Amino acid sequence: MRITINGVATDVEDETTVADLVSGRADGRSRVAVAVNAEVVPRSQWEATPLGPEDSIELLAATAGG
Amino acid sequence: MTTHEVARALQPIEAADPFQLAGQTFTSRLLLGTGGAPSLEVLERAIVASGTQLVTVALRRVETSTGGGLVEVLNRCGVRLLPNTAGCMTAREAVLTARLAREAFDTAWVKLEVIGDEDTLLPDPLELLDAAEQLVADGFTVLPYTNDDPILARRLADVGCAAVMPLGSPIGSGLGIRNPHNIALMRDLVSVPMVLDAGIGTASDAAMAMELGCDAVLLASAVTRARDAEQMALAMRHGVDAGRLAAQAGRIPRRWHAKASTPLQGRPDL
């Protein structure tokens with residue numbers, strides 16, 4: 001299925017969860033947060049949150065600033 | 001004395017006059033932003049020299065983020081992290097960013113930034129107040145970056161913000177405190193802690209903020225973009241400490257004419 005990750009259209013496996021996405025793209029990084037369709041997905045629900053076609057995901061991490 | 005030794009020597013002086021923010025005690029009255037440093041090594045040395053205990057961090061998309069290693073450096077420094085909503089332009093965006101930051105950083109503290117314009121980076125007062133109200137209702141400890149407007153600061157305090165953080169001048173401008181009178185008026189109007197945030201250029205600006213009644217100073221660029229960030233961090237620390245001491249000591253009144261410090265009595269008739 002096709003989803004959008006950080007503004008880029010991307011094909012992923014149908015059964016992909018938020019947890020899969022985080023471990024694939026932000027592995028080893030602490031201080032990560034995820035929004036799906038502009039809703040926060042709490043860390044405790046990453047495993048249990050499957051992604052659907054057309055979902056828009058923001059995968060964010062700590063950076064210097066402010 | 002090395003920079004490190006001087007920094008260490010200041011700790012007991014600062015510890016004698018701690019600063020309360022949302023129920024937490026800090027002995028350092030200097031808050032540091034992490035943006036603008038040429039490297040993590042420079043940032044780390046600046047943090048150590050500054051003596052700060054609270055530093056701001058932003059959230060950005062993972063692939064564009066330069067944050068790899070940042071959290072580790074900050075953990076090593078033993079500082080508390082204060083996530084911000086840098087770059088947000090609407091209350092909706094800022095509230096969502098704050099909620100994401102709460103997840104990422106495991107803290108309900110947020111430096112709330114809602115800017116109205118990318119050229120000036122000045123806060124949008126209406127969006128800011130709206131976002132502050134929503135976040136307070138959601139249980140956040142809200143520390144808003146605000147205009148140097150005493151009435152807006154009072155409104156932010158009234159909706160439950162834990163502090164107000166007025167700008168001295170635009171972010172990164174180094175123009176210092178352009179309207180000191182407003183900062184002094186704000187001090188009279190709000191009882192929550194006041195943190196001068198943005199516009200500091202050099203140590204005398206930091207001292208002035210404290211003399212005007214601020215409880216602390218938050219700065220980034222003035223240190224991280226200085227030629228010698230570590231030395232400037234130490235200078236800012238001295239500035240904050242000196243300004244605080246002066247504010248507590250009670251300055252002499254300003255006078256139009258001179259007032260001799262040497263008595264006229266006993267002057268020889270030459």
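**Exercise 1. Find the residue of chain A with which Arg61(B) forms a salt bridge, and give the distance between the closest N and O atoms.**

Solution. Keep in mind that this is a predicted model.
- Step 1: Start from Arg61(B) and look across to chain A; the salt-bridge partner is Glu58(A).
- Step 2: The closest N and O atoms of this pair are 2.7 Å apart. A salt bridge needs a side-chain nitrogen of Lys or Arg within 4 Å of a carboxyl oxygen of Asp or Glu, so the pair qualifies.
- Step 3: Count the salt bridges between chain A and chain B: there is one.
- Step 4: Turn to polar contacts, where 11 residue pairs are counted between the two chains, both residues being at pLDDT 80 or more.

**Exercise 2. Work out which elements give two or more residues to the side of chain A that touches chain B.**

Solution. 
- Step 1: Two strands of chain A do this, E3 (32–36) and E5 (56–64).
- Step 2: E5(A) provides the largest share, with seven residues.
- Step 3: Sort the residues on this side of chain A by type, and you get 13 nonpolar, six polar and five charged.
- Step 4: Follow E5(A) to its partner in chain B: it pairs with strand E4 (residues 54–61) in the antiparallel sense, over five bridges. Arg61(B) turns up again here, as the bridge partner of Leu60(A).

**Exercise 3. Describe how much area chain A and chain B bury between them.**

Solution. 
- Step 1: The size of an interface is often given as the accessible area lost when the parts come together.
- Step 2: Here the two chains bury about 2,200 Å², with 57% of that on carbon and sulfur atoms.
- Step 3: On the chain A side, Arg31(A), Thr63(A) and Gly66(A) supply 28% of the area buried against chain B, more than any other three residues.
- Step 4: Now count residues: 24 from chain A and 31 from chain B take part in the contact.

**Exercise 4. Decide whether Asp197(B) is buried or exposed, and find what its side chain meets in a polar contact.**

Solution. 
- Step 1: Locate Asp197(B) in strand E9 (residues 195–197) of chain B.
- Step 2: Its relative accessibility is 3%, and buried means under 20%, so Asp197(B) counts as buried.
- Step 3: The side chain of Asp197(B) makes a polar contact with the side chain of Lys111(B), at 3.1 Å.
- Step 4: Beyond its neighbours within four places in sequence, Asp197(B) is in contact with several residues, including Tyr145(B), Met165(B) and Leu218(B).

Technical notes
Residues numbered from 1 in each chain as written. Chains lettered and ligands numbered in written order. Predicted model: local features only at pLDDT ≥ 70, side-chain atom pairs only at ≥ 80, totals over all residues. Heavy atoms only, no water. Contact = heavy atoms within 4.5 Å. Buried area = accessible area lost by both parts, 1.4 Å probe. Polar contact = N/O pair within 3.5 Å; in protein donor to acceptor, adjacent residues only side chain to side chain. Helix = DSSP H or I, 4+ residues; strand = E, 2+ residues; numbered from the N terminus. Nonpolar A, V, L, I, M, F, W, Y, C, P; charged D, E, K, R; others polar. Pairing = 2+ DSSP bridges. Buried < 20%, exposed > 50% of the residue type's maximum accessible area, 1.4 Å probe, protein only.
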